[in-house]
Amino acid sequence: MDINSQIDSNAVALDSRNFGALPTNLSKDWMIGFASTKKSNLKHPEKAIIEIINSCNLDCPMCRVGQYGLNQNRIMPLKEFMKIISQIDGLKTVRLNGLGESTLTPNFNKYLDYLIEKRLDIELITNGSGKLEIYKKILNNSGFVIISWDAAEKEIFEKLRRPARWEAFTKKIKELTSDSSGSELRKIALLFTLQESNMDQLSKLVLKCKEWKIINVIVNVIKDNENGWIEGKICDIESEFISANKLSIENGINLFLPSQVLGHKIVIDGAFSTNSEKCEMPWKEVVIRWNGDVQVCNMFNPYVYGNIYLNSFDDIWNNLFTNLFRKMINTNKKHPYCVNCVYFEEAYKK
């Protein structure tokens, strides 16, 4: 939904967008909670995830943002990007990430230059189609490059990352790592999103990472479980995780695994407790979408705090909608999108 008018800055619009999307009983609980919520005066987050483009050159089945091709009208202008950053006091880290491929933004280097000028830590989550020089520039400035990569075999990779070509993408990976120092290699990771069609790929990917000199693999899980595939395959998933974990130890790969999948406990030494147990993200980070919507966290929960093109960041960060979300997040009435969340902060620490 695009933000085009002042109506979206008021409580009526946010009430409809946020509470209207919840199941009926939960919506009532949130509206009751809203009535007793107060504004706050919290310090600003140290991390902002900023979506500078909402378009992609790949059409991945789990996302589909790129299904209609590249749309360069859905871009956050550099001027607005700079204004937003200037409003967040104490900001330390900016992650360029969203529902789209950040490196497709015209004049992308100018966005990077501004972050470098402000001495902010840079993180980029990319589909791997960006120019090698961009990735190297981020690494040369102590940044972190996370490449979404969901398969270890050509056929599955090209099915999940259409119309990407295995040979071109793997060539770039090898060029990136071969020209990186030890400290830079520690700042490169592959982000593997588990889904029904790649359940047997994680162990194979760990071995590929050894070959490619990638030392970090982060595991995420697709949220789409409408056909119940996870419940039917949970034993297979756990077996694959155990196998991949063993191989990662043998080959010196840092494999970051969640301790649960859809609420099913995965018993593996070294697996990380996820934010479904306790979440601090609404106090520690914020997402700002290309159209100015201010949202919850890096998992792109659709709940909206407000719009930064209509209100100041400080007003939004401390308003009733934001504080209501904080009030509910670690209760049994948390937002449905947060239930069984597989995010864990440890994978993204420097």
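Begin with the largest pocket, whose volume is about 1200 Å³; a pocket here is an open set of points on a 1 Å grid over the protein atoms alone, where a 1.4 Å probe fits, with protein on both sides within 12 Å along at least five of seven lines, and a volume is the space filled by probe spheres set on the points. The model is predicted, with local features needing pLDDT of at least 70 and side-chain atom pairs pLDDT 80 or more, while totals for linings use all residues. Residues are numbered from 1 along each chain, and side-chain values use heavy atoms, without hydrogens and water.

Select M62, C63, L99, T193 and N220, which lie nearest the centre of this pocket among its 47 lining residues, a lining residue having an atom within 4 Å of a point. Next colour β6 (216–221), the strand that gives the largest share of that lining, four residues; strands are DSSP runs (E, at least two residues) and helices likewise (H or I, at least four).

Now move to the second largest pocket, of about 400 Å³, and select E46, K47, K284, E285 and E345, which lie nearest its centre. Its lining divides into seven nonpolar, two polar and 11 charged residues, where Asp, Glu, Lys and Arg count as charged.

Finally, show the open sheet of 10 strands, ordered β7-β6-β5-β4-β3-β2-β1-β10-β11-β12 with mixed pairing, two strands being paired if DSSP finds at least two bridges between them. Strands β7 (254–256) and β12 (304–307) are at the edges with a single partner strand each, so one side of each has no neighbour in the sheet.
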